[in-house]
Amino acid sequence: MIAAIKPAGANTRGLLAYLYGRGTHDEHFDPHIVAGFAMLGMPDPGRDENATLTELGHYLDEPVSLRNSEFGKPVTDHVWHCPVRAAPEDRHLSDAEWGEIAQRIVQAAGIAPAGDDLGCRWIAVRHADDHIHILATTVREDGRRPKLHDSGLRVGDACREIENDYGLRRLKKGNRTAARRPTQAEMHKAERLGWEQPSPEWLQDRIRAAIPHVTNAEEFIAYLEAGGIGVQVRRGPSGDLLGYAVGRPGDVNEAGEQIYHPGSKISPDLSLPKIKARLESSRPEERPTASRSHPNTPWHQATDALDVLHTDLADDTHAQAHVTALGELLEATAQKAPANLRAELQAASKTFSRAQRSQVRAEDRAAHALRSAARDIVHTATGPDGSVFAALIAALVWAAIVAGRWHEAKNHAHQTDAARQAVQHLQTAADHALAPTLAELTARPPREEARRVLASDVRAAVPDHAERILADPAWPALSTALADAEARGHQPHQLLKEAAAQRELTTARQPARVLITRIQHTGRNPAPNRRAEAARRRSAIAASVTAQQSRPPQSAPLAATPAEQQHRQRR
């Protein structure tokens with residue numbers, strides 16, 4: 001059950017006209033009052049042909065009019081409106097049940113507290129099977145204004161209790177981290193203009209897409225403007241950027257003026273201070289250049305950064321920073337993904353955005369490596385190799401699973417669900433990304449004797465999962481990957497142990513596939529030749545000794561004469 005409190009209004013009669021009207025699509029049927037502050041004597045135009053909307057409006061507005069006549073400053077934001085909607089799969093609720101639900105909602109909100117005879121005037125109108133509208137005027141009978149601070153949280157808690165008491169679909173408890181839902185007007189406008197998304201949702205996608213491309217707030221604003229998005233900025237006397245609002249091209253009001261939405265109203269984590277904190281934590285830094293024999297592309301760097309994510313979750317502020325940065329890396333990866341994988345990765349990124357934010361404060365600098373990887377990916381000119389990209393997607397799957405587990409441990413229900421949904425999209429993308437690599441590896445299996453030896457390595461390295469791995473249809477491909485790594489000087493037994501330590505295999509749907517991506521990533525470079533390294537060290541030591549021996553000996557100081565010794569003693 002969803003109760004959505006609308007912004008305060010000023011026209012009681014106008015809202016009544018909508019509630020008792022036919023609706024914008026003729027969807028209203030049999031509008032009538034199911035509950036109210038005083039049912040006896042209350043005019044109901046839906047049941048009394050002599051009652052009028054104007055009469056009902058005056059009846060509800062009486063305390064407002066009385067207060068305005070006694071005080072100099074009139075009340076103009078007095079109309080409280082809260083639609084309450086059941087889920088599509090919920091059972092049919094009678095008028096009496098909807099009336100009880102409305103009573104509990106207004107009590108929780110503070111409109112009409114239980115046992116308070118001087119509360120606000122209100123009614124609940126039903127004009128459809130699955131929802132009601134509660135209208136209240138927010139001046140109490142004693143002339144005071146009601147205490148409505150945090151009413152949305154209290155109403156949400158009441159809805160969770162109502163769901164339990166009436167046997168309705170159970171929704172997750174809110175935690176003030178959700179993006180703003182588009183209004184009916186915004187949804188109808190998008191439909192009328194042929195837009196697939198309402199403006200706030202469309203703008204949210206563009207803002208999130210911009211973040212990996214920039215390193216400071218000024219670049220962020222410039223990037224949005226270059227993309228054709230209208231931007232209003234607020235600056236302090238010194239010229240410092242203090243806030244911003246964005247507008248969608250073509251989204252104008254009746255006067256033809258651009259409509260702007262503040263970033264913080266689009267989503268709580270898109271306010272300027274929060275975006276600046278994230279960008280400042282990802283300033284470019286000098287990095288050693290990879291050698292030609294050991295290439296380390298942005299795609300490799302991203303996988304390496306994800307490898308250490310699960311080791312830094314003990315500190316909640318660090319964990320939240322990593323989860324937020326993971327969303328940015330998902331967005332960057334989706335932007336640069338091959339065409340056949342882009343849709344799934346974009347869906348994963350969009351879904352995971354709900355998991356990016358919670359009430360936990362993030363220590364953004366802890367996630368510098370992930371953010372740097374995201375920035376490097378969006379700025380790279382070349383696409384990823386197939387097996388390299390498959391390894392990155394597999395690492396993203398595991399990172400999203402870890403993020404979901406952290407949210408679950410913290411009782412972040414909405415974020416946990418979002419992470420799980422993102423995992424489903426990522427797993428689909430991972431399957432498609434790995435398919436060419438699997439085909440190539442399966443086509444050149446190692447000899448039977450080598451496969452038996454490699455199977456023994458599997459049983460020794462990961463005994464708890466060995467049978468599942470060897471029974472996996474991808475085992476032939478894994479054996480080839482292990483043989484390839486062995487040819488580069490790696491030990492298959494050690495690679496298997498390291499891969500299993502990086503990603504636990506209990507929850508893996510197909511453990512052999514997981515191990516393929518891990519082993520191809522960690523074993524991509526030739527293993528160091530220990531004999532050659534030892535020889536180089538011996539040569540370096542010998543050269544150092546020779547250099548020391550070739551230096552001219554320093555002359556020893558002359559011994560002091562007896563007279564000089566006596567002079568020093570006297571001093």
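## Exercises on a predicted model

His 465 sits in the loop that links helix H16 (448-461) to helix H17 (466-471); helices are DSSP runs of H or I with at least four residues, strands are runs of E with at least two, and both are numbered from the N terminus. This is a predicted model, in which local features need pLDDT of at least 70 and side-chain atom pairs count only at pLDDT 80 or more, while totals for chains, interfaces and linings use all residues. Residues are numbered from 1 along each chain as its sequence is written, and side-chain values use heavy atoms, with hydrogens and water left out.

**Exercise 1.** Decide whether His 465 is buried or exposed, and find what it touches.

*Solution.* Start with the cut-offs: buried means under 20% relative accessible area, exposed over 50%, and partly exposed in between (1.4 Å probe, protein chains only). His 465 has a relative accessible area of 17%, so it counts as buried. Next, look for contacts, meaning heavy atoms within 4.5 Å. Not counting residues up to four places away in sequence, His 465 touches Leu 505 and Thr 506.

**Exercise 2.** Work out the strand order of the five-stranded open sheet and say why E1 and E2 each have a side without a neighbour.

*Solution.* Two strands pair if DSSP finds at least two bridges between them. The order is E1-E3-E5-E4-E2, with antiparallel pairing. Strands E1 (2-3) and E2 (32-36) are at the edges with a single partner strand each, so one side of each has no neighbour in the sheet.

**Exercise 3.** Trace the pairings of strand E7 (residues 241-247).

*Solution.* Begin with burial: six of the seven residues of E7 are buried. E7 pairs in the antiparallel sense with E6 (residues 230-235) over six bridges, where Arg 235 faces Leu 241. Five residues lie between these strands in the hairpin, and Gly 239 there takes a positive phi near 95°. E7 also pairs with E8 (residues 261-262), antiparallel over two bridges; Val 246 has His 261 as its bridge partner.

**Exercise 4.** Which residues touch the most other members of the largest nonpolar core?

*Solution.* A nonpolar core is a set of buried Ala, Val, Leu, Ile, Met, Phe, Trp, Tyr and Cys residues joined through side-chain atoms within 4.5 Å. Among the 78 residues of the largest one, the answer is Leu 306 and Phe 352. Helix H14 (residues 386-409) contributes the most, with 15 residues.
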